[in-house]
Amino acid sequence: MTALPPVPPRRLGLVIDLDTCVGCHACVVACKGWNTENYGAPLSDQEPYGADPSGTFLNRVHTYEIAPEDAPARIVHFPKSCLHCDNAPCVTVCPTGASYKRAEDGIVLVNEEACIGCGLCAWACPYGAREMDAKAGVMKKCTLCVDRIYNENLPEIDRTPACVRTCPAGARHFGDFSDPESHVSRLTAERGGMDLMPDALPEIDVLAPYLAPVADSPRGFLGWLDRALSALPGGE
């Protein structure tokens, strides 16, 4: 329902070295602090000191114990945030155009004023990287610290996402994947980097093989709804 822009000239993103990440959560704290104090509405917390605390985070770190057959058991720390996908399903499913992909650098953002909190983008995201802010009533997600990386009032060393700037182990790296000579491109090639769940991005419906379409094009109310949504800015 919301169109994606043409292939951007820059593809900004992160490389995260899972062999180096120590699970200290410094990136989580830095992300929460920077985005609460600077970008959009604060990332709210509910009953942070109560019996059932909850809150909104744009970056989380999950920890798993794995036991390979040919090696001792080990702990793996797995950071989770938006991947700013080339073919972002969270954008194309948004009914209001609130979720959009920047044409200049591929960063996926949310226009909070246009977001109606329907949650469709969270449903479409295969990585669970979207979170509803219970207080603001809108979806929140990683912005790649767009308000830092282009901020000429900051020292050049600080023009990088807060999570990258604060990582004490140097596990997080930021750069332009469209440039084969960039740090992240070379690091990915040298270390055998890979996309997370590359097979998750095409449209997947486990029931699709068993369901025949009821019509080639929507009719009645659904047809009207499809036409109305397509007429919205950013529709197609």
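**Notes on the predicted model**

1. Glu47 is exposed, its relative accessible area being 53%, where exposed stands for over 50%, buried for under 20% and partly exposed for what lies in between (1.4 Å probe, protein chains only). The residue sits in the loop between β2 (45-46) and β3 (54-55), and the phi of Glu47 is near 50°, a positive value in a residue other than glycine. Helices (H or I, at least four residues) and strands (E, at least two) are DSSP runs numbered from the N terminus.

2. This is a predicted model, in which local features need pLDDT of at least 70 and side-chain atom pairs count only at pLDDT 80 or more, while totals for chains, interfaces and linings use all residues. Residues are numbered from 1 along each chain as its sequence is written, and side-chain values use heavy atoms, with hydrogens and water left out.

3. Leu144 also has a positive phi, near 55°, and is found in the loop between β9 and α4 (146-149). Leu144 counts as buried, at 2% relative accessibility.

4. Among contacts (heavy atoms within 4.5 Å) between residues at least 6 apart in sequence, 59% join residues at least 24 apart. The chain exposes about 14100 Å², of which carbon and sulfur atoms supply 57%; the areas come from the Shrake-Rupley method with a 1.4 Å probe.

5. Ala134, in the loop between β8 (131-133) and β9 (138-140), counts as exposed at 57% relative accessibility. Apart from neighbours within four places in sequence, Ala134 is in contact with Ser44, Gln46 and Thr56. Its C-alpha atom is separated by 9.7 Å from that of Gly117, which is 17 residues away along the chain.

6. Arg102 occupies the loop between β6 (99-101) and β7 (108-110) and, at 18% relative accessibility, counts as buried. Its side chain makes a polar contact with the side chain of Glu104 at 3.1 Å, a polar contact being a pair of N or O atoms within 3.5 Å, one able to donate a hydrogen and the other to accept it within protein, with residues adjacent in sequence counting only if both atoms are side-chain atoms. Beyond four places in sequence, the contacts of Arg102 are with Pro5, Pro8, Ile107, Leu109, Val146 and Tyr150.

7. Phe177 lies in the loop between β10 (172-176) and α6 (183-191) and is partly exposed, with a relative accessible area of 25%. Setting aside neighbours within four places in sequence, Phe177 is in contact with Arg11, Leu12, Gly13, Leu14, Val15, Val184, Ser185 and Thr188. The C-alpha atoms of Phe177 and Thr188, eleven residues apart along the chain, are separated by 9.4 Å.
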